[in-house]
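I am opening a notebook on a structure that is new to me. The entries below record what I looked up, in the order I looked.

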Amino acid sequence: MVKTLEIIMKIKSYSFTLAFITLIGLCFTSLSWAHGEAKHSDSSPFFVNTNTAPAKVVRAFHLALENGDKAKARSLLADDVLIFEGGVERSADQYANHHMLADMKYLADVETKTLEHQVNISGNMAMSITRSKTTGNYKDKEVDYEGLETIVLNLSDGEWIITHIHWSR
């Protein structure tokens, strides 16, 4: 019974987080994917707050995935991270032991260019909203699409950590 109540409370917490993300997302006019080491001026309306600590964590996460550094990528995720990517990963360990390796292989074969990246910080919470263009060839199939990404980060013990990721095309 206690375990059931814990699960219900966690679902309610995720529901609140998702509602918050949706509400904040509606406040932004453009979405983008922060990928790679590209430097962008914050004076552009497409690149906002890209030199902040949360933005640097997002870039470090992407670089870890691109470079196949599982330990680094895992270290930037909260234990209870919620990841939406054609399915749901409900923890950092679940992602690290399932979908992360496939993502690393995919990113090694394609090129992703950041089109927009905006980071909004509110207290101990930050949201990175990004849009990208991915091209290349993966498993003998041509890849050419624009992708969207939302990452929510929380400041905990002085460190920004990723608590939610939503990837889509």
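**Entry 1: terms.** I count two residues as touching, or in contact, when they have heavy atoms within 4.5 Å. I also note at the start that this is a predicted model.

**Entry 2: the whole chain.** I began with the elements and found five helices and seven strands in the protein chain. Reading along the sequence, I wrote down the pattern α-β-α-α-β-β-α-α-β-β-β-β. The chain has 169 residues, and buried residues make up 40% of them. I then looked at contacts between residues at least 6 apart in sequence, and 58% of these join residues at least 24 apart.

**Entry 3: the sheet.** In what order do the seven strands of the open sheet lie? I read the order as β1-β4-β5-β6-β7-β2-β3, and the pairing is mixed. The edge strands are β1 (47-48) and β3, each of which pairs on one side only. As background, strands of a sheet pair through backbone hydrogen bonds, either parallel or antiparallel.

**Entry 4: β5 and β6.** I looked up strand β5 (residues 125-138) and strand β6 (residues 141-156), which pair in the antiparallel sense over 14 bridges. Within this pairing, Arg131 stands opposite Leu148 in β6. Helix α5 (residues 99-109) packs on the sheet and touches β2, β3, β4, β5, β6 and β7. The direction of α5 makes about 55° with that of β5.

**Entry 5: strand β2.** Phe84 stands opposite Val88 in β3. The hairpin of β2 and β3 has three residues between the strands, and Gly86 in this hairpin takes a positive phi near 65°.

**Entry 6: Glu89.** I stayed with strand β3, where Glu89 has its place. Which side chain of opposite charge is nearest to Glu89? I found Arg90, 8.8 Å away. Glu89 is buried yet has no salt bridge; the cut-off for a salt bridge is 4 Å. The side chain of Glu89 does have a polar contact of 2.8 Å with the side chain of His98. Leaving out residues up to four places away in sequence, I listed what Glu89 touches: Val81, Leu82, Ile83, Gln94, Tyr95, His98 and His99.

**Entry 7: Ser168.** I next looked up Ser168, which lies in strand β7. Is Ser168 buried or partly exposed? Its relative accessible area is 33%, so it counts as partly exposed. Again leaving out residues up to four places away in sequence, Ser168 touches Gly147 and Leu148. Ser168 and Gly147 are 21 residues apart along the chain, and their C-alpha atoms are separated by 5.8 Å.

**Entry 8: salt bridges.** How many salt bridges does the structure hold? I counted five. As background, side chains of opposite charge can pair when their charged atoms come close.

One of the salt bridges joins the side chains of Glu146 and Arg131 at 2.6 Å, N to O. Glu146 lies in strand β6 and Arg131 in strand β5, so this pair ties together parts that are 15 residues apart in sequence. Both residues are partly exposed, Glu146 at 39% relative accessibility and Arg131 with a relative accessible area of 21%. Elsewhere, salt bridges that share partners join Arg74, Asp79 and Asp93 into one network.

Entry 9: Asp79 and Arg74 meet through their side chains at 2.6 Å, N to O. Asp79 is exposed, with a relative accessible area of 56%. Asp93 also forms a salt bridge with Arg74, and the closest N and O atoms are 3.1 Å apart. This pair links distant parts of the chain, with Asp93 in helix α4 (residues 92-96) and Arg74 in helix α3 (residues 70-75), 19 residues apart. Asp93 is partly exposed, with a relative accessible area of 45%.

Key:
Residues are numbered from 1 along each chain as its sequence is written. This is a predicted model: local features need pLDDT of at least 70, side-chain atom pairs count only at pLDDT 80 or more; totals for chains, interfaces and linings use all residues. Side-chain values use heavy atoms; hydrogens and water are left out. Two strands pair if DSSP finds at least two bridges between them. Helices (H or I, at least four residues) and strands (E, at least two) are DSSP runs, numbered from the N terminus. Axes are lines fitted to C-alpha atoms, for helices over the stretch in contact, and angles run from 0 to 180 degrees between N-to-C directions. Buried means under 20% relative accessible area, exposed over 50%, partly exposed in between (1.4 Å probe, protein chains only). Lys and Arg count as positive and Asp and Glu as negative; His and the chain ends are not counted. A polar contact is a pair of N or O atoms within 3.5 Å; within protein, one must be able to donate a hydrogen and the other to accept it, and residues adjacent in sequence count only if both atoms are side-chain atoms.
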